[in-house]
Amino acid sequence: MENIQGKVQEELNNVSPEKKEEILANFSTFKSYLGEKVALGEKLGLGEEQLAKTAEKVAGYLANNEEPKNSEENLLQELWKSGDKDQQHALAHMLVNMVRK
């Protein structure tokens, strides 16, 4: 699991500013991007908990390093920052479930 988390952090650090802007420009694009990453994780054999921990890492990064570009991202950031670790983990599970639909 540590290896996966390290790869996630590495990918987050290597996304160009232009690509970040493209992904975060609107909520549908963000959901599609996250959905692709969840599908890839599933193909690699990640279970529900591993996917949620990965989503948690991404959400934490976004909350601490990126400005929301729309009202949906702003709401997610506010929820993330107001929650404790357990609530953030539950929100990560909900994000994974949301992008699967």
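User: Let's start with Ile 4. Is Ile 4 buried, exposed or partly exposed?

Analyst: Ile 4 is partly exposed, because its relative accessible area is 24%. Buried means under 20% relative accessible area, exposed means over 50%, and partly exposed is in between, using a 1.4 Å probe and protein chains only.

User: Where does Ile 4 lie?

Analyst: Ile 4 is in helix H1, residues 2-14. Helices here are DSSP runs of H or I with at least four residues, numbered from the N terminus.

User: And what does Ile 4 touch?

Analyst: Leaving out residues up to four places away in sequence, Ile 4 touches Leu 46, Gln 50 and Thr 54. Contact means heavy atoms within 4.5 Å.

User: Before we go on, what are the ground rules?

Analyst: This is a predicted model, where local features need pLDDT of at least 70 and side-chain atom pairs count only at pLDDT 80 or more, while totals for chains, interfaces and linings use all residues. Residues are numbered from 1 along each chain as its sequence is written, and side-chain values use heavy atoms, with hydrogens and water left out.

User: OK, on to H2 and H3. At what angle do they pack?

Analyst: Helix H2 (residues 17-24) and helix H3 (residues 27-43) pack at about 110 degrees, and their axes are 6 Å apart. That makes H2 roughly perpendicular to H3, a label for angles of 65 to 115 degrees. The axes are lines fitted to C-alpha atoms over the stretch in contact, and angles run from 0 to 180 degrees between N-to-C directions.

User: Which residues of H2 and H3 meet?

Analyst: From H2 there are Glu 22, Ile 23 and Leu 24, and they meet Thr 29, Phe 30 and Tyr 33 of H3. The residues of this contact of H2 with H3 divide into four nonpolar, one polar and one charged. Ala, Val, Leu, Ile, Met, Phe, Trp, Tyr, Cys and Pro count as nonpolar, Asp, Glu, Lys and Arg as charged, and the others, Gly among them, as polar.

User: Which residues of H3 are buried?

Analyst: In H3, Phe 27, Phe 30, Leu 34, Gly 35, Val 38 and Gly 41 are buried. Seen down the axis of H3, these buried residues fall within an arc of 130 degrees, so they line one face of the helix. The arc is that of the directions from the helix axis to the C-beta atoms.

User: What's on the other side of H3?

Analyst: Ser 28, Glu 36 and Lys 43 are exposed there.

User: And what covers the buried residues of H3?

Analyst: The cover includes H2, helix H4 (48-65), helix H5 (71-82) and helix H6 (85-100).

User: Switching to H5, then. Which residues are buried in H5?

Analyst: Glu 73, Leu 76, Gln 77 and Trp 80 are buried in H5. Looking down the axis of H5, they fall within an arc of 100 degrees, so they line one face of the helix. The buried residues of H5 pack against H2, H3, H4 and H6. Turned away from that buried side of H5 are the exposed residues Ser 71, Leu 75 and Ser 82.

User: How do the axes of H4 and H5 cross?

Analyst: The axes of H4 and H5 cross at roughly 105 degrees and come within 10 Å. H4 and H5 are therefore roughly perpendicular to each other. Glu 56, Ala 59, Gly 60, Leu 62 and Ala 63 in H4 meet Gln 77, Trp 80 and Lys 81 in H5.

How values were computed: Helices (H or I, at least four residues) and strands (E, at least two) are DSSP runs, numbered from the N terminus. Angles under 35 degrees count as roughly parallel, over 145 as roughly antiparallel, 65 to 115 as roughly perpendicular and the rest as oblique.
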